[in-house]
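User: Hi! I am new to protein models and would like to learn how to read one. Could you walk me through this one?

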Protein chains: 2
Amino acid sequence: MGYGIAASALRGGHHVWGFDVNTTPADRFRQEGGAEGTLADVADGLDVAILVVLNAAQTEEVLFGADALVPRLRQGAVVMSCATVPPQFARDMETRCSKAGVLYLDAPISGGAVKAASGDLTIMASGPDAAFAAARPVLDTVAATVFELGDSAGPGSAMKATNQLLAGVHIAAMAEALTFGMTQGVTPEAFLKVISKSAGTSWMLENRAPHVIDGDYTPRSSVNIWPKDLGIVLEIAEDAGFDAPITATALAQYGKAVEMGLGGVDDAAVAKVYARQAGLTLPGEDE
Amino acid sequence: MGYGIAASALRGGHHVWGFDVNTTPADRFRQEGGAEGTLADVADGLDVAILVVLNAAQTEEVLFGADALVPRLRQGAVVMSCATVPPQFARDMETRCSKAGVLYLDAPISGGAVKAASGDLTIMASGPDAAFAAARPVLDTVAATVFELGDSAGPGSAMKATNQLLAGVHIAAMAEALTFGMTQGVTPEAFLKVISKSAGTSWMLENRAPHVIDGDYTPRSSVNIWPKDLGIVLEIAEDAGFDAPITATALAQYGKAVEMGLGGVDDAAVAKVYARQAGLTLPGEDE
């Protein structure tokens, strides 16, 4: 998604450097017009630093770790932080950035690699007006929708966690229902055709059930996302004294998928957990 | 929903008798143009008998119980059976009707009382061509969408159970996410505004979250539906050796709602189970 965001910003007329621990997408981005230069060379000239990493630990490492970015940014630059993190972590990052004179936009992203590449992300953002203003020229080129959820860090991450709770549950529920139907002779094709037009539908069902039908588990979004994101949801919930039993049950299903060696494939593969338990053969599987 | 279906069929130009153990809707229907006469008098002249009852037990009672309807129907009449029932039960009913020379359409309905009244139901139907042909003039007046799912009873009920699995899970997941968000300062209004436009949305979320926001638990569809329908799903699953852990978890939440005395109110009230556990105050509740 970082590559897609960089490409969208570049297409929007910005001067964009791309950095990644994996050199392949960074090299590709430079070949396609990304600016030349090391982060050490360019950090103090940046207006906006967009962080598209996996989790809170990576976010903290980039901002304040061994090669800390924040001390090298100019006063008034804005960090746009896109990972799914606990709201309290986002508030901590905002406080620490603020002490360094750097603005922080709590800006988790939704939409996947495809919408990142086309500049059509949804961003659930919160932060002070100055952070929104500093990030605006970039937001305008990378996002189709920016929800402005509050004037400090926290609400953006809270909404993202809430969305992930539902998204993760809905994918697993799709898998449960699709395979349940198969035990009763409902084909996956009939399932999608009928349920997508009925009260049982969800955004995730319409997006992921086709992957099961096609037997295509090329990772548009991988199983590994869900132990991470639903884990964050349950961590937040536990801190708040909130029981989330459906989330916990869905998380267990993704855990089983990881145990089956499916962590790196498309998250629709959680259907294989159900199929194996019930002795069903999904499309594309050998009989 | 029976009243709405009868009214839609009447509006469509059919001669319609309405019968109900509750005399109020039956009386109202007669005042609005329903035909006069007892079931004993008119049974042998019916082309179509539409059964809109609660479950399999009531379906069997009406068709083959003390005042059995099927022996009184003419040869070639069709029973359109609308309750959510196990597929095997639907197959049994078809076999028993067939022995009496009566057609059977496995025809579970979806859409609620509002769409029943406007003739806009979705029907998940299966049965022989003759049953579809016999029911067609009525189907055309009561349904906006008829999915034709197979040439015998069973597939209609299987698809309905699959839809109910998802619908029941999605309402409870909406409640879990909405209240989870509240623990992090996400208001129910912001939840609906943002999530309904994001990957976490579902048909049920968009339909039911407004009831929580409005604090309006007038039963459009009651909590009591879900222990029944998710119970049928789990019964079918158990017979098939299929584990449905998310369904079972959602069912437990509805069970808690019933224990709280909420069985007769709108199913969005499952949010109150979460709110009570976490000490949250939902819209419309006293502080």
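**Reading strands, domains and copies**

Analyst: Happy to! Let's start with one pair: A:Ser81 has A:Asp106 as its bridge partner in E3(A). This is a predicted model, where local features need pLDDT of at least 70, side-chain atom pairs count only at pLDDT 80 or more, and totals for chains, interfaces and linings use all residues. Residues are numbered from 1 along each chain as its sequence is written, while chains are lettered from A and ligands numbered from 1 in the order in which they are written.

User: In which sense do strand E2 and E3(A) pair, and over how many bridges?

Analyst: Strands (E, at least two residues) and helices (H or I, at least four) are DSSP runs, numbered from the N terminus. Two strands pair if DSSP finds at least two bridges between them. Here, strand E2 (residues 78-81) of chain A pairs with E3(A) in the parallel sense, over 4 bridges.

User: Which helix does the chain pass through from E2(A) to E3(A)?

Analyst: The path runs through helix H5 (residues 87-99) of chain A, and this β-α-β crossover is right-handed. That word applies if, with the strands pointing away from the viewer, the path from the first strand over the helix to the second runs clockwise.

User: Which way do the residues of strand E3 point?

Analyst: A:Leu103 and A:Leu105 point one way, A:Tyr104 and A:Asp106 the other way, and all are buried. Buried requires 20 or more other C-beta atoms within 10 Å of a residue's own, with C-beta atoms placed from the backbone.

User: How is chain A divided into domains?

Analyst: Domain bounds come from an automatic or database domain assignment. Chain A has domain 1 (2-153) and domain 2 (158-278), with centres, taken over C-alpha atoms, separated by 29 Å. Their contact takes 11 residues from domain 1 of chain A and 13 residues from domain 2 of chain A. Residues are in contact if their C-beta atoms, placed from the backbone, lie within 7 Å.

User: What rotation superposes chain A on chain B?

Analyst: Two copies of a chain are related by a rotation about an axis and a shift along it. Here the rotation is 180 degrees with 0.0 Å of shift along the axis (RMSD 0.1 Å), which is the relation of a two-fold axis. In chain A, A:Ser202 has the C-alpha nearest the axis, 1.9 Å from it. The superposition is by least squares on C-alpha atoms of residues with pLDDT of at least 70 in both copies.

Methods. Two residues are in contact if their C-beta atoms, placed from the backbone, lie within 7 Å. A residue is buried if 20 or more other C-beta atoms lie within 10 Å of its own, exposed if 12 or fewer, and partly exposed in between; C-beta atoms are placed from the backbone.
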